[in-house]
Amino acid sequence: MNQDELKQQVGREAVKYIRPGMVVGLGTGSTVHCLVEALGEHIKNGDLTDIVCVTTSNRTTRQAESLGIKVEEIDDVDHIDLTIDGADEISEDFQGIKGGGGALLWEKIVSNYSDHVMWIVDESKLVHHLGAFPLPVEVTPYGSQHLFTKLARRGYNPTWRMLPDNSDKFRTHQRNFIIDLHLEDINDPFALHEELIGMVGLIEDGLFLNQVNDVLVGTQNGPKFLH
Ligand code: 5RP
């Protein structure tokens, strides 16, 4: 199975954890795309009723609504039972990097207000230590060049996240910029998170620490549940 097939595998498997009547947080990315597709089929067949979803990006909202899935604004639901999202890296102690798709702020908000969080990944996302994947940080545009210089002086090898055609800087849903930090190896993700979140103008970082309850991994031998 190639990576796309493994994503399909976990996307389809993850639907089994959604129960009728749940308020479900839907993440962002290609693995979640497979989940939403499968969820749409279940809702259409009538196997899953009274599902309300909260999404972490306009992309996911558009896909969900096109499949007849009911989507509410996060502040219009009083709780979120289960959020299912992808990840860019997961370490052996279940810490993660997210934000490869640029949705880290909404993803972290939805994750924080969820009763239960599950990540769905193909096996290539499991690593010993975080850091090979560039760590995204979302920054407010005002003064962001100064912040960029500060990150560079600290040796964090920053690059601006650009649009695919390189014509301009990428903007998040909040119209912020993303700076990717090329760190290679993160020794202490908790200390790094504290340092980054303390910088003025830095709104959120892609370190998702102690956020996840379960991980569903797509492998050549079928889906593996890690808890
Ligand atoms: C988006 C994310 C995604 O969950 C992460 O990038 C994984 O994406 P994919 O499932 O496409 O590999 O954090 O901001």
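**Helix packing, sheet and ligand shell**

The angle here is about 45 degrees, and the axes of helix H1, residues 3-14, and H2 are 8 Å apart. Keep in mind that this is a predicted model.

The crossing of H1 and H2 is right-handed. On the H1 side the contact is made by Lys7, Gln8, Val10, Gly11, Arg12 and Ala14. They meet Ser30, Thr31, Cys34, Leu35, Glu37 and Ala38 in H2. Sorted by class, the contact of H1 with H2 has five nonpolar, four polar and three charged residues.

Now the other partner of H2. The axes of H2 and helix H3, residues 58-66, come within 9 Å and cross at roughly 20 degrees. That makes H2 roughly parallel to H3, because angles under 35 degrees count as such. The crossing of H2 and H3 is right-handed. From H2, the residues are Val32, His33 and Val36, and they meet Thr60, Gln63 and Ala64 in H3. This contact of H2 with H3 divides into three nonpolar and three polar residues, with no charged ones.

On to the sheet. It is open, has seven strands and mixed pairing, and runs in the order S3-S2-S1-S4-S7-S13-S14. Strand S3, 70-71, and strand S14, 224-226, are the edge strands, each pairing on one side only. Further in, strand S1, residues 23-26, and strand S2, residues 52-55, pair in the parallel sense over four bridges. Within that pair, Val24 stands opposite Cys53 in S2.

How do the helices lie on the sheet? H1 packs on the sheet and touches strand S4 (80-85), strand S7 (114-122) and strand S13 (214-218). The direction of H1 makes about 155 degrees with that of S7. H3 lies across S1, S2 and S3, and runs at about 155 degrees to S2.

Last, the ligand. Which residues come nearest to the ligand? Of the 17 around it, they are Gly29, Thr31, Gly86, Gly100 and Gly101. Helix H2 (30-45) and helix H4 (104-112) are the elements that give two or more residues to the shell. By class, the shell around the ligand has three nonpolar, 10 polar and four charged residues.

Note on methods:
Residues numbered from 1 in each chain as written. Predicted model: local features only at pLDDT ≥ 70, side-chain atom pairs only at ≥ 80, totals over all residues. Near = placed C-beta within 6 Å. Nonpolar A, V, L, I, M, F, W, Y, C, P; charged D, E, K, R; others polar. Axes fitted to C-alpha atoms, helices over the stretch in contact; angles between N-to-C directions. Parallel < 35°, antiparallel > 145°, perpendicular 65-115°, else oblique. Left-handed = near helix turned anticlockwise from the far one by under 90°. Contact = placed C-beta atoms within 7 Å. Pairing = 2+ DSSP bridges.
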